[in-house]
Amino acid sequence: MKRRNVLGTALAAPSLLLAGCASPSSPAGSASAVAKAQITVLYDAFGRDPAMQKDWGYAAFVESGGKRILFDTGNNAQVLERNAKARDIDLSRLDFVVMSHRHGDHMGGMSYLLARNPKVQIYAPKEGFGVYGFDLPSTFYRKDPSLAPEERYYGGTPPDKMVFGTAWPQANITLIDKTTAIAPGIHLIALASDKPGTLELRELSLALDTPDGMVLVLGCSHTGIDNIVKAAAAINPKILLVAGGFHLVVAKDPEIDAIVATLHDSYSVGYVAPGHCTGEPTFTALKKAFGDRYLYAGLGTTFVLGAMPHAVDASGWTMPRGITDDDVQQYRALLVASHERRQGLFANLRRSTSPDGEYLAAQWRRSMVGCC
């Protein structure tokens, strides 16, 4: 029989009691809704909740400062739907959504999100001609008035701002290209990758400035987890919790050790809750370095925030610290399956047309390099 962690229960009790007081019909962000401070993992490749489906990708439901936030949408709309329903999370009652970056295992559930909440405010990284849309002043290109009107762009009279398409033209998307406060105590950290394979990829991280310190929710950390933490520390030097994907799934031990030392020693991070693309050796290294301040982050886990963050399952029981052998096997299998899905996509694109299919496949391959 599982034994309830007494300290964890004491800390969780106020949040669980408040949760029971909130009216299910209270609108998101309303004054009558009881504010929570917690993060629930809705999408990942390992976990212990049999009601939820594991898959490679990431999504988290964040409640902080009276706001209900969906961070990423995972890899598959049907899986996101199942997992949200399993945790009784109504995606029609969101204040806003944050899309960390363009990779499919983070935006694959967008169709379910928009079916439930078509007008929700979505924040996404601004990239040149990116999947979330783009715009430029028409002054960006050189002009030649000596040409006849029919030979000139827009007949020689372009609009002041040229707006380019998105994969979701009806969605309410706001593009972010610099670190921005979007609500009191809620920031989006916007950085660009300088790493081979994902060079210039833009990524947003969610930073919650709580009374107990900064809480970071990360998608994949393609821009470098050290760079993200540095940017967050410029807002609040006390980093309470870092959760999500650390993107060290294929990293060698020296790189892992350097990142662990940076988090533990240089920035004195309070707690870590690694998931998704963090990688098995990194799980081990972080668990060794952080001890009881390493939080299990499997699918379905909720992190109750506060001075001493802790992880609980759907029933409110405090979660054990480490991942099990079964978690590891599932994690590995879904990582392999994700790779095979991408290879199949590229193969289908190559066959789609000739010779353009090969070109299109190459473009997709480049855009998805580093995707995990």
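Is tyrosine 153 buried or exposed? Tyrosine 153 is exposed, because its relative accessible area is 57% (buried means under 20%, exposed over 50%, partly exposed in between, with a 1.4 Å probe and protein chains only). The model is predicted: local features need pLDDT of at least 70, side-chain atom pairs count only at pLDDT 80 or more, and totals for chains, interfaces and linings use all residues. Residues are numbered from 1 along each chain as its sequence is written, and side-chain values use heavy atoms, with hydrogens and water left out.

Next, select phenylalanine 140 and tyrosine 141. Their ring centres lie 5.5 Å apart with the planes at 80°, so the pair is edge-to-face (rings of Phe, Tyr and Trp, the last by its six-membered ring, pair if their centres lie within 6.5 Å; planes under 30 degrees apart count as stacked, over 60 as edge-to-face and the rest as tilted). Tyrosine 141 is buried at 12% relative accessible area. Tyrosine 141 also forms an edge-to-face pair with tyrosine 153, at 5.1 Å centre to centre and 90° between the planes.

Then move to arginine 48, whose charged end sits over the ring of tyrosine 296, 4.0 Å from the ring centre. Tyr296 belongs to a cluster linked by ring pairs, together with Phe46 and Phe283.

Terms used: A charge sits over a ring if NZ of Lys or CZ of Arg is within 6 Å of the ring centre and within 35 degrees of the ring normal.
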